[in-house]
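Please find my notes on the model below.

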Amino acid sequence: MNHRIVRVWIAAAILVGLAAQDAAAWGPQSRRAITGTALQMLRRSYPDVFKTDDANFEGDLIRGALDGPTALRESLPMNSDAALVNSIGAQINQLRHARQTGVGSYFAYRMGVLSALVGDYFLPFAGDESTRKREIVSRIQADLEKELESFRYQPSRPNLQFIRYPNEYFQERRKFFNDAELLIAADYSRGGPGYNGYMKNGGEAFFGNAVEAISDVWNTVLARSEGVGASSDEALTWFLVDKIEYLLSVKKNVREAERAQEMFSRINRNDFEAYEKVADYFYGFGGEMGTDIGLRMWETSLTASGPERRRVLGKLADHYMNEGEEVFQLAKQPNAPKDSLERAKVQFLRALEYDRNSQAAAMKVKEVQAAIEDKLEQQMTMMELVSSAQEMMRKAEGNLAQKAYESALSTFERSIHTFSQVSSEFEEQARASSEGTERAKSQINRLINSVFDEGRSFLNNGDDLFDQKKFAESIAEYKKVDPHVEFMNDVDLGPGQRQELEELLAQADDSVVKAENEKRRADAAAKQAGTAPGAAVPPAARPPAGN
């Protein structure tokens, strides 16, 4: 590593949410810059750190730096220099141990949190809880944010350091802090020069110390060297719990969270609370996959006893109550799956298994059972309606075959009306109703055509008799049309059918009039010729030949 000056890394392009800052901490832009500049130093030794061929975790690193140590599950002791160094050492050990779980987005996030913890150690008055010192820190924060872009960082040595003894490492780098803090406090007192005093040159030095220490701390986490104590399986268990939460709530990556959960299940043996937490995270994430994993893990955690077990039983009961209610409401909708009520009952019964004292679940089971019985009764009614309508169809078709058209039509129409009373809720009966209705309408059309055909047949017979001069017989045939089709006047015919009926009746009336006129002429001619009325008129005598 060379000693060239490095421009301070201003991460304006990486957009992550700003967390609430600790009172004794660098400002958000300063934290970004410190973390980003330390990353440049680290990549001289680890070129591919915090990225893969298809993913870049720099955004997670910066997010962790901005969130800072307040994002950690445990509250770290930071009210003294020694406590802060111990917290840093503990985080180093935990992250070295956590490398085995993968160095993806959450590992990068936690390295960012660690960078904030280390960086804050090099801010004057870190850990000082007094009101006066917090006021000074607040002013220093604001001044450093303004001056940040003017800072330059030059490494003090060519290589990153492996921190074997954190106390010695950090105490060495703060040995002049007490004197510096006295001068800074004086500068920021009333009438003092403020930032234009000690901090004018010291600000960049504090910044550089933070960058260098973070680079060394990260190197210590990533290096394969021995000498740093290992973290416990319990700490690793909770690291994985937090990793799963991060992957689900921040990254929305349920597949990666599932892989972390599988590792968690191998490591965690008897920590009921950790199991419950992970289950809660997956269940809260939702979706088919998240819900299934959450339910499975709640089930696994039921091996525990006491109030914790009762709490999980309550969560499982609530889940199945909600599932049952959702399906129960679905069952009330048109075209709901026919097994909806049975499925709802199963869910409510499962809720009752997990909470045997649940009056709500017991009432829901009764309510669904009553709905099932009511639906069965309705279905029986629909089956009876279909059967009755089908019987009417058979009777009507028999009448049609015997040419009892009026009776057949009335029975077909009653069958259609009966079919119309069948609810669409019951698929099988609704299908039979639809098919029966279509068949009845088809048979009615067939019936109408048959009536018209026979009416036309009467007209044709009358015409044949008319041509034979049998006028009385032809009139009788023509007059058969009207009574034959009379009932059709009350039938709901289509426009074409109505026109055909009217034309048929008109033709019959005209034919009767024509035949009656011819009959009168024939009768008159016969009377004059002395033949019987109605007899065929003899042909006129053929004139003699030659005339």
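The points below concern a predicted model.

1. The chain folds into 20 helices and two strands. Its radius of gyration is 49 Å, well over the 24 Å that the globule rule gives for 547 residues, so the chain is more spread out than a compact globule. The C-alpha trace spans about 160 × 65 × 45 Å along its principal axes. Of the 547 residues, 47% are buried.

2. The whole structure holds 25 salt bridges. One of them joins E500 to R456, with the closest N and O atoms 2.4 Å apart. This pair links distant parts of the chain, since E500 sits in helix α20 and R456 in helix α17, 44 residues apart. Both E500, at 28% relative accessibility, and R456, at 32%, are partly exposed.

3. K375 pairs with E425 in a salt bridge whose closest N and O atoms are 3.8 Å apart. Here too distant parts of the chain are linked: K375 belongs to helix α15, E425 to the loop between α16 and α17, and 50 residues separate them. K375 is buried, at 18% relative accessible area, whereas E425 is partly exposed, at 39%.

4. E276, D280, R311 and K315 form a network of salt bridges.

5. A surface patch of negative charge gathers E406, D482, E486, D490, D509 and D510. D490 is exposed, because its relative accessibility is 73% and the cut-off for exposed is over 50%.

Key: Residues numbered from 1 in each chain as written. Predicted model: local features only at pLDDT ≥ 70, side-chain atom pairs only at ≥ 80, totals over all residues. Heavy atoms only, no water. Patch = residues over 30% accessible without salt bridge, like charges linked within 9 Å, V, L, I, M, F, W, Y side chains within 5 Å. Areas by Shrake-Rupley, 256 points an atom, 1.4 Å probe, with all protein chains shown as cover. Salt bridge = Lys/Arg side-chain N within 4 Å of Asp/Glu carboxyl O. Lys, Arg positive; Asp, Glu negative; His and termini not counted. Charge placed at Lys NZ, Arg CZ, Asp CG, Glu CD. Buried < 20%, exposed > 50% of the residue type's maximum accessible area, 1.4 Å probe, protein only. Helix = DSSP H or I, 4+ residues; strand = E, 2+ residues; numbered from the N terminus. Rg over C-alpha atoms; globule rule 2.2 N^0.38 Å.
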